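Read it alongside the model.

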Amino acid sequence: MGFREFLGNEATVVRLRESVLHQRIPQALIFAGPRGAGKYTLALMFARVVNCLNPRETDGLPDYCCVCHNCERIGQAADLDAKVAESLAAREELRETDKRETRILIQPHPDVLIVPPDPPQMVIKIGQVRQVIHNAYYRQPAEAQRSFYIFTSSAFMKEAANSLLKVLEEPPPNCTLILLSENLSEMLPTIRSRAMLHRLGAIPTEQLEQLLAERRPELKGARRTLVARIAEGAVGRALEFDVEAYLASRQDALVMLRNALREPDFSQLFRTTEGYRGGADGQTKTLNLLRAANKLIEDLLMLVAGSAQLIRNQDIAAELTQIAQGVTLDWIDRASYALAEVELGMRRNLLRSLSLDAMALTL
């Protein structure tokens with residue numbers, strides 16, 4: 001696909017394409033925005049249009065051909081999760097000593113290096129940044145006009161962030177660094193000040209619903225509206241959203257809210273929380289529950305504030321309105337804090353079912 005297929009943030013896209021037109025390509029860029037806003041997709045698009053072997057024009061601005069060697073190779077990294085999974089599987093096959101020293105890097109093209117957060121801590125590590133520094137300074141572009149280094153997260157180890165400053169302060173020629181961020185406050189001010197910032201905002205809910213009607217026709221009526229609102233204007237999040245998993249998590253979150261704000265049914269509560277066990281699957285399930293609970297509490301806040309039109313879970317608006325009659329702003333504040341405490345406890349390997357029970361009883 002070309003730039004015409006990228007939805008939303010037209011001003012940002014035009015500025016990037018104009019920089020290619022006038023051959024004024026920045027050496028460092030930050031794409032900031034919510035998860036699913038298209039930051040990674042736009043970064044790959046920019047790398048392709050700069051290095052396309054048969055560039056074309058659309059709307060009077062440079063575009064890429066999609067089919068040349070460079071476009072095809074760079075485009076192979078579009079499914080980042082799959083590439084990271086392949087790299088993790090390959091690392092697991094190494095000897096234990098080699099495994100500890102091997103960092104996750106994705107290189108779909110000789111001159112494009114993608115740096116995802118390294119499991120299990122899910123941060124950018126010093127070894128990954130050192131590889132970027134080595135390539136940037138000692139390896140000139142071989143098959144492209146310009147090398148690209150794309151960091152898919154702004155969560156850096158302190159040493160890694162400090163090391164990256166060297167490249168930003170003394171940038172080598174013919175290379176561009178792109179940093180993707182959901183939370184700019186995670187980034188050192190010295191890094192932010194040395195890169196050109198582009199913010200990717202949300203697209204309107206109505207436009208997102210129209211897109212879902214075209215791309216996900218299985219979603220009908222209230223479910224389509226729910227996905228569009230929960231996605232908060234992020235195209236990627238809307239297209240990948242698992243609505244069934246969310247509804248299951250939301251149902252459990254509602255059980256907790258009902259027990260907290262009405263006559264408690266502890267047997268139902270304990271039956272619900274008993275299913276949140278240890279292991280990776282349990283971790284994902286618990287995180288989904290916490291996210292669903294946060295969405296419900298945000299909706300309660302909107303209702304208490306008299307802004308019912310802003311709630312996301314419109315399909316259960318009547319029940320949420322009834323629940324909201326029994327809450328105060330102080331309770332909402334305590335509930336948000338309690339959810340954060342459960343997530344913090346997960347990092348300390350606390351027993352999840354007991355943590356959820358404690359949270360519900362605290363509320």
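## Helix packing and cores

Helix 6 and helix 7 are roughly parallel to each other, since angles under 35 degrees count as roughly parallel. This is a predicted model: local features need pLDDT of at least 70, side-chain atom pairs count only at pLDDT 80 or more, and totals for chains, interfaces and linings use all residues. Side-chain values use heavy atoms, without hydrogens and water, and residues are numbered from 1 along each chain as its sequence is written.

The packing angle of helix 6 and helix 7 is about 10°, and their axes are 8 Å apart. Axes are lines fitted to C-alpha atoms, for helices over the stretch in contact, with angles from 0 to 180 degrees between N-to-C directions. Helices (H or I, at least four residues) and strands (E, at least two) are DSSP runs, numbered from the N terminus. Contact means heavy atoms within 4.5 Å.

| Helix | Residues in the contact |
|---|---|
| Helix 6 | I126, V129, I133, Y137 |
| Helix 7 | E159, A160, S163, L164, K166, V167 |

The largest nonpolar core has 36 residues; F31, L42, F46, I114 and I178 have the most contacts inside it. Such a core is a set of buried Ala, Val, Leu, Ile, Met, Phe, Trp, Tyr and Cys residues joined through side-chain atoms within 4.5 Å. Helix 2 gives the largest share of this core, nine residues.

G221 sits in helix 10 (residues 221–230). G221 counts as partly exposed, at 46% relative accessibility. Buried means under 20% relative accessible area, exposed over 50%, partly exposed in between (1.4 Å probe, protein chains only).

Definitions and conventions:
Parallel < 35°, antiparallel > 145°, perpendicular 65-115°, else oblique.
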